[in-house]
Amino acid sequence: MDRKISRRDFLDGMAVAVGAAATGGLLSGCAAGEWGGVHDKVVNPPDGWNQAGRGSPGYPPAMTGLRGSTNPAMRIPHELRDGIFWAGEKPVHRTGEHYDLVVVGAGISGLSAAYFYRRRHPNATVLILDNHDDFGGHARRNEFTANGRLIVGYGGSQSIEAPSVWSKEARGLLDELGIDLEAFRKYYDQDFNTRWKLNDSEFFTSDLFGRDHLAVMKGDTQTAGTLRNAPLSERARRAFLELQDRPGDYLPGLTEEQKKQRLVGLTYREYLRDVAKMPAEVLDYLQTYTSDEWGFGSDAFGAIDAWAMEYPGFGGLKLDRSRPYRYCGPTIQLQWNADDPYIDHFPDGNNGVCRLLVGRLIPGTGAPRAMGEETSARIDYSRLDVAGNAVRLRLDAPCVRVHHTGGNPGAKTVEVDFHRDGKVHRCTAGGVVMACYNTMIPYLMQDLPTPQEALFYGTKLPIVYAMVLLRNWEAWRRLGIYHTRFTSGDWVVAELDYPVSMGGYRFSHDPGQPVLVHMIRMATAPGYRNPRGGIGPGRRELFARPYERYERSLRDQLTRLLKDGGFDPARDILGITVNRWGHGYALEYGRPWADFWPDGPLPSVRGRRPFGRVTIANSDSQNRAYADAAIDAAWRAVEELG
């Protein structure tokens, strides 16, 4: 149950810079080609189109309330997708700007592409466009102040995961940015939970089990003792403990290859129900077991990957674990022999990587240029887009169209249209890197060749990351927990922030001090064997939900979890930032639903082909939701431009 791989590295690293659904053209309207697609209208969101959070827009990291993909950031993209943006006359104003490179998307992939391009062409000029009011894509920084002290959290991409298996290009970028991974061994307090006697836990919810119950684990494992008072029938309790501790050979009479092939064709829930014959209570108990790491529940997660992750139920099959099975998912295969501790974490998550990239790309902004100063550095956002700078980062500027001059893919220049201050503007570039969502690129580029309709397959999983500032963490200490998984409810995880102190920044070192709590909501709707089926319903609900409902459900679940520790939400909650990502995790291929995996043709490979002077960089194009995938895609895209 403690396999090293963790999907907490929520990384797309791209911004939504989405495209023009002009009338006519190969991919006009909502056509999605052979791969299908999910295009859901969201009209008049309940918080209003101008709702971008609370606080000063001049310094986005400190804004609270509803953040992430805010309504202003999504308005133009949704109009483009729905085919209404270009209705009526919209004159295009030529700015007279020409850049050697325009990058669409200011997440990890987009910023990395700008960096790699400048390394290859030191005198190049680069414009980076993004529709959000902050850079980083899903690698977002959340700032709070308590008792006059800065407290920093992350609103998305969490950590530098398994760097030992990163490509030389991705690992080389960390080195060039001065990110010393060994330093995290000092910065990250690895004895924190042991010193304070804090354990993992699971919260049985009343809607599934009749009453709420917190089951505090022994370390990170449930036992007969820790489950003694859980609202499970004796039959279900015995069945789960056997599944976890003494699983039988649930596939007798089959060879090893036959057993693995059987797992390839099953979801984890199907394996538990139909093969291991677990009672319904155990199925409900384990439904959210996969949600935090993979973005959807056990009803869509593959049994072959559950075996690879050493989830409960597979030990009795006696399968060879010396190497991954060829049908295991790409990240599982890549990280099979990785043994990295999960400690390579900036307090603001992978926004720390983005801030260091900005520091190298745009001097004079206050962005950090050294690892130790990253957390405390304050960026002057007014200096990101300054005339005369070799690199300019233009926020609140969604790209609306990309096309080669004269409509000729052989042309040496590309025209890039973007929306800002109520008008459409045009600049030109020698090349363009599309570091935005795969599904939106066909709307930006109406002349793409047919095979690149596969871009629509990369529909992302919706997710919400909330950071909650608490007055103290006394309730957590009294209950003896640092993390919990909810068996149901809006939020699947609540956990104390990671204990990282670096430079002049210090993590909470006493239960009486303020602390951030990280909460995760996986919005992909359950009940679909193919997780793509749950994306549309989940995303519709996510965008149609007002901030107050997020806040209410968050307060409710925290109170139910912590009330026996003396928690009072009215007294103890000091601040909330809800980072809403309608397009969250890049969807990683897995059996049984992705029947083209691993032999292809892979939609990601078909979709990412260069087209004239335009290349594609994003984690979608690598079909992996990790920082190294975004960096690898950026390096490839720049190499393809030459």
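The structure is a predicted model, in which local features need pLDDT of at least 70 and side-chain atom pairs count only at pLDDT 80 or more, while totals for chains, interfaces and linings use all residues. Residues are numbered from 1 along each chain as its sequence is written, and side-chain values use heavy atoms, with hydrogens and water left out. Helices (H or I, at least four residues) and strands (E, at least two) are DSSP runs, numbered from the N terminus.

**Helices that pack on H21**

- Helix H2 (residues 108-120) packs with helix H21 (residues 627-641) at an angle of about 40 degrees, and their axes are 8 Å apart. Axes here are lines fitted to C-alpha atoms, for helices over the stretch in contact, and angles run from 0 to 180 degrees between N-to-C directions.
- H2 and H21 are therefore oblique to each other. Angles under 35 degrees count as roughly parallel, over 145 as roughly antiparallel, 65 to 115 as roughly perpendicular and the rest as oblique.
- On the H2 side, the contact (heavy atoms within 4.5 Å) includes Ile 108, Ala 113 and Phe 116. On the H21 side, Ala 630, Trp 635 and Val 638 are among the residues involved.
- The residues of this contact of H2 with H21 comprise 12 nonpolar, 2 polar and 3 charged. Ala, Val, Leu, Ile, Met, Phe, Trp, Tyr, Cys and Pro count as nonpolar, Asp, Glu, Lys and Arg as charged, and the others, Gly among them, as polar.
- Helix H3 (residues 168-176) also packs with H21, at an angle of about 100 degrees and with axes 8 Å apart. H3 and H21 are therefore roughly perpendicular to each other.
- Glu 169, Ala 170 and Leu 173 of H3 meet Asp 628, Ile 631, Asp 632 and Trp 635 of H21. This contact of H3 with H21 has 4 nonpolar, no polar and 3 charged residues.

- In helix H1 (residues 71-81), 8 of the 11 residues are buried. Buried means under 20% relative accessible area, exposed over 50%, and partly exposed in between (1.4 Å probe, protein chains only).
- Among the buried residues of H1 are Met 74, Ile 76 and Leu 80. The buried residues of H1 pack against elements including strand S10 (399-404), strand S11 (414-420) and helix H17 (532-544).
- Gly 83 follows H1 and has a positive phi, near 80 degrees.
- Buried residues of H17 include Ile 535, Leu 542 and Phe 543. H1 and helix H18 (547-562) are among the elements that cover the buried residues of H17.

- Arg 118 lies in helix H2. Arg 118 counts as partly exposed because its relative accessibility is 23%.
- Not counting residues up to four places away in sequence, Arg 118 touches residues including Asn 123, Leu 361 and Val 391.

**Backbone exceptions**

- Most residues other than glycine have a negative phi, and most peptide bonds are trans.
- Asn 147 has a positive phi near 55 degrees and sits in the loop between strand S5 (141-146) and strand S6 (149-154). With 73% relative accessibility, Asn 147 counts as exposed.
- Lys 277 has a positive phi of about 60 degrees, and its relative accessible area of 58% makes it exposed.
- The peptide bond from Trp 597 to Pro 598 is cis, with omega near 5 degrees. Another cis peptide bond joins Gly 600 and Pro 601, with omega about 0 degrees.
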